[in-house]
Amino acid sequence: MDFFELIQRRRSTRLFTSQPVEEQKLQAILEAANRAPSAGNLQAYEIYLVTDLARLHHLAEAALDQDFIAQAPLALVFCANPARSSKKYGRRSASLYCLQDATIACAFAHLAAAALDLASVWVGAFDDDRVRRAIGVGDSLLPVAILPVGYPGEKPPPASRRSLSGLVH
Ligand SMILES: Cc1cc2nc3c(=O)[nH]c(=O)nc-3n(C[C@H](O)[C@H](O)[C@H](O)COP(=O)(O)O)c2cc1C
């Protein structure tokens, strides 16, 4: 698929079928995330793969009961790892670069899922501590995004956007 066609076709999709995601497709998504740029190439983030149904339910609860998370066969949780980059770049990296690293990696994964005709949606509304508990990590990591991934059970229309004339200065 052409890159610009992919950009046009990507949607936030919040309804999943029960069809599992093939291992090959999952690997392709993770490889895509791993190709994302990062500050100093330090990749100051971690990805948690969640497939266990009970954990998916805990994630959904942690995310203000966004139940569609538990309908997906898997979710990827992107966490910033401040310690990984702050050794080299100090405070700016602890408060910014690691968040950007995790964010870009999740964006790559979101696009890769779309390229494979899979559905996903960026979930950012959640309680940090409850997400940490759901994936079993301590407070050295900061959850940045949950990305449930599966086969689409809906085809949402494109969401509106600001006009470029209002956005570009
Ligand atoms: C930082 C961020 C946080 C988001 N959090 C949520 C969320 O918690 N739940 C949700 O359903 N969608 C969430 N979204 C998805 C947006 O609602 C969606 O991207 C937006 O409505 C535009 O739709 P589109 O992605 O289909 O173009 C989030 C997106 C971003 C980038």
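This is a predicted model: local features need pLDDT of at least 70, side-chain atom pairs count only at pLDDT 80 or more; totals for chains, interfaces and linings use all residues.
Local features need pLDDT of at least 70 and side-chain atom pairs count only at pLDDT 80 or more, while totals for chains, interfaces and linings use all residues. Residues are numbered from 1 along each chain as its sequence is written, and side-chain values use heavy atoms, with hydrogens and water left out.

The ligand is surrounded by 13 residues. A residue counts as near when one of its heavy atoms lies within 4 Å of the molecule. The closest are Ser 12, Arg 14, Gln 66, Trp 122 and Arg 161. The shell holds six nonpolar, three polar and four charged residues. In this classification Ala, Val, Leu, Ile, Met, Phe, Trp, Tyr, Cys and Pro are nonpolar; Asp, Glu, Lys and Arg are charged; the others, Gly among them, are polar.

Polar contacts are pairs of N or O atoms within 3.5 Å; within protein, one atom must be able to donate a hydrogen and the other to accept it, and residues adjacent in sequence count only if both atoms are side-chain atoms. Gln 66 places a polar side-chain atom 2.7 Å from a nitrogen atom of the ligand. Trp 122 uses a backbone N or O atom, 2.9 Å from a ligand nitrogen. A polar backbone atom of Ala 125 lies 3.1 Å from a ligand oxygen. Taken alone, the ligand exposes 620 Å², and the protein buries 60% of that. Accessible areas come from the Shrake-Rupley method with a 1.4 Å probe; for residues, only the protein chains shown count as cover.

The model has three salt bridges, each defined by a side-chain nitrogen of Lys or Arg within 4 Å of a carboxyl oxygen of Asp or Glu. Arg 9 pairs with Glu 5 at 3.8 Å, N to O. The two residues are separated by about one helical turn because they are four residues apart in helix H1. Helices (H or I, at least four residues) and strands (E, at least two) are DSSP runs, numbered from the N terminus. Arg 9 also meets Asp 117, at 2.6 Å, N to O. This pair links distant parts of the chain, 108 residues apart: Arg 9 is in helix H1, and Asp 117 is in the loop between helix H5 (82-115) and strand E3 (119-120).

The remaining bridge joins Arg 132 and Asp 129 at 2.7 Å, N to O. Both lie in helix H6 (residues 128-135), three residues apart. Arg 132 is buried at 10% relative accessible area, whereas Asp 129 is partly exposed at 43%. Buried means under 20% relative accessible area, exposed over 50%, and partly exposed in between (1.4 Å probe, protein chains only). Shared partners join Glu 5, Arg 9 and Asp 117 into one salt-bridge network.

Two loop residues stand out by backbone angle. Most residues other than glycine have a negative phi. Asn 41 has a positive phi of about 55°. Asn 41 sits in the loop between helix H2 (23-34) and strand E1 (45-50) and is exposed at 58% relative accessibility. Leu 64 also has a positive phi, near 55°. Leu 64 occupies the loop between helix H3 (53-62) and helix H4 (68-71), and is exposed at 61%.

Val 149, in strand E4 (residues 142-150), is buried at 1% relative accessible area. The C-alpha atoms of Val 149 and Ser 120 are separated by 4.6 Å, although the residues are 29 apart along the chain.
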